[in-house]
Amino acid sequence: MNFTVMTLFPGLIEQVCAESIIGRAQSAGAISVSAVDIRSYSKDKHRRVDDTPYGGGKGMLMSAPCVYDCFADVASHLEGSVHTVYMSPQGSLLTQKKAKELQKYDNLVILCGHYEGIDSRVIEEIVDEEISIGDYVLTGGELPACVLIDSVARLCPGVLADAECYENESISCGMLEYPQYTRPYDFHGKKVPDVLLRGNHAEIEAWRKEEALKLTQKKRPDLL
Ligand code: SAM
């Protein structure tokens, strides 16, 4: 799957996505992430990409033509299915279900706003869907874009070692995951539950189910 991010700050995307599992997945060719600088499409001699909003008000808006030209160029180079998302506090909230849905496209084009946002006309023209990462407002769409990329990319074949890694996880499985432990056996007097040491897989499975249910009831009863 290819992720193409349209942004005024490509370095933010490149740095975050070059690290850890997403970085390794790119090196292995399981996904690709590229960041395209919207500013390169400005026709202004000072490379301005923003202007004051009609009707007055504080702040600056990213103007429509450079965003549109950037999108047209990006789209002309893509093959396969394309879905365009604008990261926006006005969008629908990102969920695991949404990440699964988006994983089906060959290309996800992600538009990041900055300042007061983007001229509404270009959003109407090029965007399929607006997505928010939560009910708070950030300074730009780059961190939300990285969150979206991470949530979708880890569902792509070849990114995690095994699909089981995410199928049993919190939220994906419909509740929270059971508690997990690794060495040492005794940490500050707290010992690993005996059931996990006995090697009886049916018993371990039953214990995990019960613990997952208890945790969900305690922390996220709304999931049940
Ligand atoms: N004036 C806009 C409004 O009230 O809807 C907010 C603009 S915000 C300061 C600048 C940019 O940050 C937005 O264009 C969007 O790309 C991004 N952004 C801010 N909060 C976000 C959120 N919760 N989820 C996704 N993107 C967000």
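Modeller: By class, 12 nonpolar, 11 polar and 3 charged residues make up the lining of the largest pocket. Here Ala, Val, Leu, Ile, Met, Phe, Trp, Tyr, Cys and Pro count as nonpolar, Asp, Glu, Lys and Arg as charged, and the others, Gly among them, as polar. The model is predicted: local features need pLDDT of at least 70, side-chain atom pairs count only at pLDDT 80 or more, and totals for chains, interfaces and linings use all residues. Residues are numbered from 1 along each chain as its sequence is written, and side-chain values use heavy atoms, with hydrogens and water left out.

How is empty space found? Rolling a probe the size of a water molecule over the atoms shows where it is left. A pocket is an open set of points on a 1 Å grid over the protein atoms alone, where a 1.4 Å probe fits and protein lies on both sides within 12 Å along at least five of seven lines; lining residues have an atom within 4 Å of a point.

The largest pocket has a volume of about 460 Å³. That volume is the space filled by probe spheres set on the points, which are joined across faces, edges and corners. In total, 26 residues line the largest pocket, and Y86, M87, S88, P89 and G117 lie nearest its centre. Two or more lining residues come from each of β5, α5 (120–126) and β7. The largest share, 5 residues, is from β5. Helices (H or I, at least four residues) and strands (E, at least two) are DSSP runs, numbered from the N terminus.

The elements giving two or more residues to the shell around the ligand are β5 (82–93) and β7 (129–132). The shell has 20 residues, with Y86, M87, Q90, E116 and Y136 coming nearest; to be near, a residue needs a heavy atom within 4 Å.

A backbone N or O atom of M87 is 2.6 Å from a ligand oxygen. The side chain of Q90 has an N or O atom 2.9 Å from an oxygen of the ligand. A polar backbone atom of E116 lies 2.8 Å from a ligand nitrogen.

Key
A polar contact is a pair of N or O atoms within 3.5 Å; within protein, one must be able to donate a hydrogen and the other to accept it, and residues adjacent in sequence count only if both atoms are side-chain atoms.
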